[in-house]
Amino acid sequence: MLMRPDVVYDCYNSVKSDDSKVIYLSPQGKTLNQAKVEELAKEKHLILLCGHYEGIDQRVIDKIVDEEISIGDYVLTGGEIPAMVLIDSVSRYVQGVLADESTVDESFSNGLLEYPQYTRPEVFEGMEVPEVLKSGHHKNIEKWRREESLKRTLEKRPDLLEKAQLTKEDKKILENLNKDFKY
Ligand SMILES: C[S@@+](CC[C@H](N)C(=O)[O-])C[C@H]1O[C@@H](n2cnc3c(N)ncnc32)[C@H](O)[C@@H]1O
């Protein structure tokens, strides 16, 4: 079963504007990432087209779709959940949704994973909040966060390091963490 092109086209015509960009959520699209999220947040009007069943008749895709986006290499029943993923990730970059700095240090925003975060209590099940975070010394805290960010990325997603913008200091830290790692 497939969605008819005329029905989708009528729907598109009823919501489009001069500024609309049409995205078809599809497993065949480019995989969504943070750079794409930030790019889409700059658009004035997004129309998200969700398929169901086996998808949508190709003719209307050819006629109205600007870009196909996938949320990963697996197949879901419909495009609604992918659309929700896109809406949630993009709306975080729309002014007023979050406090201004909230997206600055996050995973992927600077090409690395975020450093570990801690809150109260100071001791939980015998595990303490790292001393440096209680010191109030901003420069040392920043240095510690950068090192932890690099360490985590190296452990969990070393593929990200190939594209991340690394300083000389970063490279030295990474080489100390993993002698075999070459940049
Ligand atoms: C069962 S899928 C159709 C799969 C299609 N026959 C194919 O093999 O490429 C139905 C709809 O779910 C949505 N969908 C499924 N997986 C998706 C994914 N990974 N990312 C984005 N949308 C997806 C698309 O809108 C698609 O039209």
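## A salt bridge and its setting

Which residue's side chain meets that of D57 in a salt bridge? The partner is R59, and the N to O distance is 2.8 Å, where a salt bridge is a side-chain nitrogen of Lys or Arg within 4 Å of a carboxyl oxygen of Asp or Glu. D57 counts as buried because its relative accessibility is 13%, whereas R59, at 58%, is exposed; buried means under 20% relative accessible area, exposed over 50%, and partly exposed in between, with a 1.4 Å probe and protein chains only.

The model is predicted, so local features need pLDDT of at least 70 and side-chain atom pairs count only at pLDDT 80 or more, while totals for chains, interfaces and linings use all residues. Residues are numbered from 1 along each chain as its sequence is written, and side-chain values use heavy atoms, with hydrogens and water left out.

## Other charged pairs

The search of the whole structure finds 12 salt bridges. One of them joins the side chains of D170 and R146 at 2.7 Å, N to O; D170 lies in helix 8 (residues 168-177) and R146 in helix 6 (residues 138-156), so the pair ties together parts that are 24 residues apart in sequence. Helices here are DSSP runs (H or I, at least four residues) and strands likewise (E, at least two), numbered from the N terminus. D170 is buried, with a relative accessible area of 3%, and R146 is partly exposed at 27%.

The side chains of D159 and R157 also meet in a salt bridge, at 2.9 Å, N to O.

## Around the ligand

The shell around the ligand has 21 residues, of which Y24, L25, Q28, G51 and Y74 come nearest, a residue being near if one of its heavy atoms lies within 4 Å. Strand 1 gives the most to this shell, with 5 residues.

Taken alone the ligand exposes 590 Å², and the protein buries 83% of that, with areas from the Shrake-Rupley method and a 1.4 Å probe.

## A residue on the surface

M84 lies in helix 4 (residues 80-91) and counts as exposed, at 57% relative accessibility.
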